Amino acid sequence: MIENLLLTINYGYFVWSSFLITIFACLLFFIKTRKTLRKYEKDFACEIEKLSQEDKNLVLANSKIANQVLVSQNKTA
Amino acid sequence: MFNLLSPSNIFSFIEKLIKFLNSIFFIILVVGLTFALILSPPDYLQGDVVRIMYVHVPSAWISLASYSLIAFLSILNFIFKIKNFYLINKSIAPIGLFFTCLAIVTGSLWGQPTWGTWWVWDARLTSIIVLMFFYIFYILSFKLIKDEKKSVNISSLIAIIGAINIPIIKYSVEWWNTLHQPASIKLVGSSSIHSSMLLPLMLMLLVLLIYSALIFLMKYKTEIIRIKKKNIKRL
């Protein structure tokens, strides 16, 4: 049980270290991945906004992805 | 069939899937951790140290499965030349490397109290290190080579050559005398693990698989956007 795990100092140290390292590393990796995705979405939306109205209409008409990214960026803005 | 796998067709599905996985992840994580740290019994020989298994073993399984998938898709990519497979592989590779490193670190933390050493150059541990290097070479091949066609060919070649290491890792504990214990769970034949330990192990595997799926979907989405951004710059 958990009390035993906390009391057995030497072994508990290894067990807790394993779980904490795993959770912490997973959290960092998740944050980094999400941050990169958000950055790419933002940059992509900016690129679309920079286009001339004609090109913008062309991109939005031909790309579902561009539409979705723009919508999600407008929601977060 | 391949049209269904096209980036534009699955892009909208990804967002919904990310939201769904996010919503169930924490519930399964709490259940998994409760079983792994509180409800599962200590081992008769190793005591509570056996709980490290619940993060070490799923990490090692995911690292092997990821590489096997990368190698398989690389072979398909060589034959059918489908760019989407390359994007999928590019998104899986960092996850595989991450879990390989995690398996090495948690394995080391398990090794010290049970074997009395952090590290030993036995067949299983050495072959896992080799896997880690294959992951690194694979990731570097598309980070460093700017010519995409060349990058696809070289990374696919690395993935296929590295696949030779997968059965070596799997059977290393049977082929050589190793400090690492043989597999307790077998797909074919009877497993030597008790159900009270198998359940938390499967729950933790599910937790890490959902986590991997989340990371994969985010990375895959990033790759699709990167390509779309490149196309816009050409206008």
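Two residues are in contact if their C-beta atoms, placed from the backbone, lie within 7 Å. This is a predicted model, in which local features need pLDDT of at least 70, side-chain atom pairs count only at pLDDT 80 or more, and totals for chains, interfaces and linings use all residues. Residues are numbered from 1 along each chain as its sequence is written, and chains are lettered from A in the order in which they are written.

Q: How many residues of chain B are in contact with chain A?
A: The contact joins two sets of residues, one from each chain. Chain A contributes 38 residues, and chain B contributes 32.

Q: Which helix supplies the largest share of the side of chain B that touches chain A?
A: Helices are DSSP runs (H or I, at least four residues), numbered from the N terminus. H1 (7-39), H3 (83-115) and H7 (195-233) of chain B each supply at least two residues of this side. The largest share, 12 residues, comes from H7(B).

Q: Are H3(B) and H4(B) roughly parallel or roughly antiparallel?
A: H4(B) comprises residues 123-144, and its axis lies 9 Å from that of H3(B). Axes are lines fitted to C-alpha atoms over the stretch in contact, and angles run from 0 to 180 degrees between N-to-C directions. The angle here is about 150 degrees. Because angles over 145 degrees count as roughly antiparallel, H3(B) and H4(B) are roughly antiparallel.

Q: Which residue just after H2(B) takes a positive phi?
A: H2(B) covers residues 53-80. Just after this helix, a phi of about 55 degrees is taken by B:Lys81.

Notes:
Expected span 1.5 Å × (residues − 1). Parallel < 35°, antiparallel > 145°, perpendicular 65-115°, else oblique.
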